[in-house]
Amino acid sequence: MSLRRERALTKLRKLRVQVHRDGLPAQPNVYHVAALTSALVEVLGNTGDSKRASAAAEYLYRVATPSFRATGIEPKLECKRGCDYCCRGYVSATAPQIFAAAKAIRAQSLSYEAAVARIGAAADTVRGLDWKTRCALHEPCPLLVEGACSIYASRPLPCRAFVSFSVNACRRAFELNTNDIDVPPIYGNVRSALENALRAAMKHHGLPLESYELDGALASVLAHPDAEAAWLRGENVFAGVDVDRSADPGSLLQREIMLDTLLAVASGETPAHLEGQAPK
Ligand code: SF4
Ligand code: SF4
């Protein structure tokens, strides 16, 4: 290994400790995200663990909480328990996040049967609907119980990033079926950084990168006794579930470039366009 690469990996290890402890900073750069990628590559590479996909999502969520907090805008948000206009729309997530949500649902032994029944009914109702039609239905998320998320600690990234400076804007958007919500862009940046780190680690291990519609994906996973291990073996446990195809080809290409950059930096390489930008 070259001395240069060895130094890059040493810096990356330091950043990994920092990100593990404090989360991503409010304006993460490619090195912070690559440090998180490298940690997630390791979690997903633990082949002795048949739950390593959900473990990767759980690792990500532990980092997500301080990362969103680091933006400093939480006190200005109007989000609170019982306010649930945002839990009646289209949600999609990658497979590790679906498995983490399923694990949390399975852990609710008392309410498990009722949750599975609600999820199955919701999946049948929303199957095949595009984002706009799904939102216009106002169908509550089957995980919403008495106005609160029943898997709050394991909710997917889109739910974590969906916050608002104005509950009135949320109410208006809900009533008029628009997307005109006062979501702080900085939360979107943090969400993208977290999602990119997870997807890059999944790409490293050759895992499918799609996002699946939440209700249908959960119904499929909960109907399969060993879905996570089967998916890790390469089985398509999401056959028949709606895949989120909202990203245009241009942004998918940009995403691929970003994932390759993160994997290169996570392995100690310095892509040409990052020359001179490495952390001190
Ligand atoms: S995003 Fe909007 S609807 Fe959701 S909790 Fe926050 S203020 Fe309420
Ligand atoms: S998973 Fe939880 S936070 Fe997300 S839409 Fe459902 S109830 Fe709301």
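The shell around ligand 1 splits into 8 nonpolar residues, 1 polar and 1 charged. In this count Ala, Val, Leu, Ile, Met, Phe, Trp, Tyr, Cys and Pro are nonpolar, Asp, Glu, Lys and Arg are charged, and the others, Gly among them, are polar. Everything here comes from a predicted model, where local features need pLDDT of at least 70, side-chain atom pairs count only at pLDDT 80 or more, and totals for chains, interfaces and linings use all residues. Residues are numbered from 1 along each chain as its sequence is written, chains are lettered from A and ligands numbered from 1 in the order in which they are written, and side-chain values use heavy atoms, with hydrogens and water left out.

So who sits around the ligands? The residues around ligand 1 are E78, C79, C83, Y85, C86, F162, V163, S164, V167 and C170; a residue counts as near if one of its heavy atoms lies within 4 Å of the molecule. Ligand 2 has C87, C141, L143, L144, C149 and C159 around it.

Now for the chain as a whole. Its secondary structure comes to 12 helices and 4 strands, taken as DSSP runs numbered from the N terminus (H or I over at least four residues for helices, E over at least two for strands). The radius of gyration is 19 Å, close to the 19 Å that the globule rule gives for 280 residues, so the chain is as compact as a globular protein of that length. This radius is taken over C-alpha atoms, and the rule is 2.2 Å times the number of residues to the power 0.38. Along the principal axes, the C-alpha atoms fill a box of roughly 60 × 40 × 35 Å.

The accessible surface of the protein chain is about 14000 Å², and 53% of that belongs to carbon and sulfur atoms. Such areas come from the Shrake-Rupley method with a 1.4 Å probe; for residues, only the protein chains shown count as cover. Of the 280 residues, 46% count as buried, meaning under 20% relative accessible area, with exposed being over 50% and partly exposed in between. Among contacts (heavy atoms within 4.5 Å) with a separation of 6 or more, 77% come from residues 24 or more positions apart.

What about the inside? The largest nonpolar core has 77 residues, and L36, L194, W231 and F238 touch the most other members. Such a core is a set of buried Ala, Val, Leu, Ile, Met, Phe, Trp, Tyr and Cys residues joined through side-chain atoms within 4.5 Å. Setting aside residues up to four places away in sequence, L194 touches L24, L36, L60, V63, A64, S67, F68 and L157.

Q108 lies between helix 4 (95–106) and helix 5 (112–126) and is buried, because its relative accessibility is 18%. Beyond neighbours within four places in sequence, Q108 is in contact with S150 and I151. E74, in the loop between helix 3 (52–69) and strand 1 (92–94), is partly exposed at 36%. The C-alpha atoms of E74 and F165 are separated by 9.3 Å, though these residues are 91 apart along the chain.

Most residues other than glycine have a negative phi. H138, however, is not a glycine and has a positive phi of about 60°; N177, not a glycine either, has a positive phi of about 55°. H138 sits in the loop between helix 6 (131–137) and strand 2 (144–145), while N177 lies in the one between helix 8 (167–176) and helix 9 (185–204).

Definitions and conventions:
Buried < 20%, exposed > 50% of the residue type's maximum accessible area, 1.4 Å probe, protein only.
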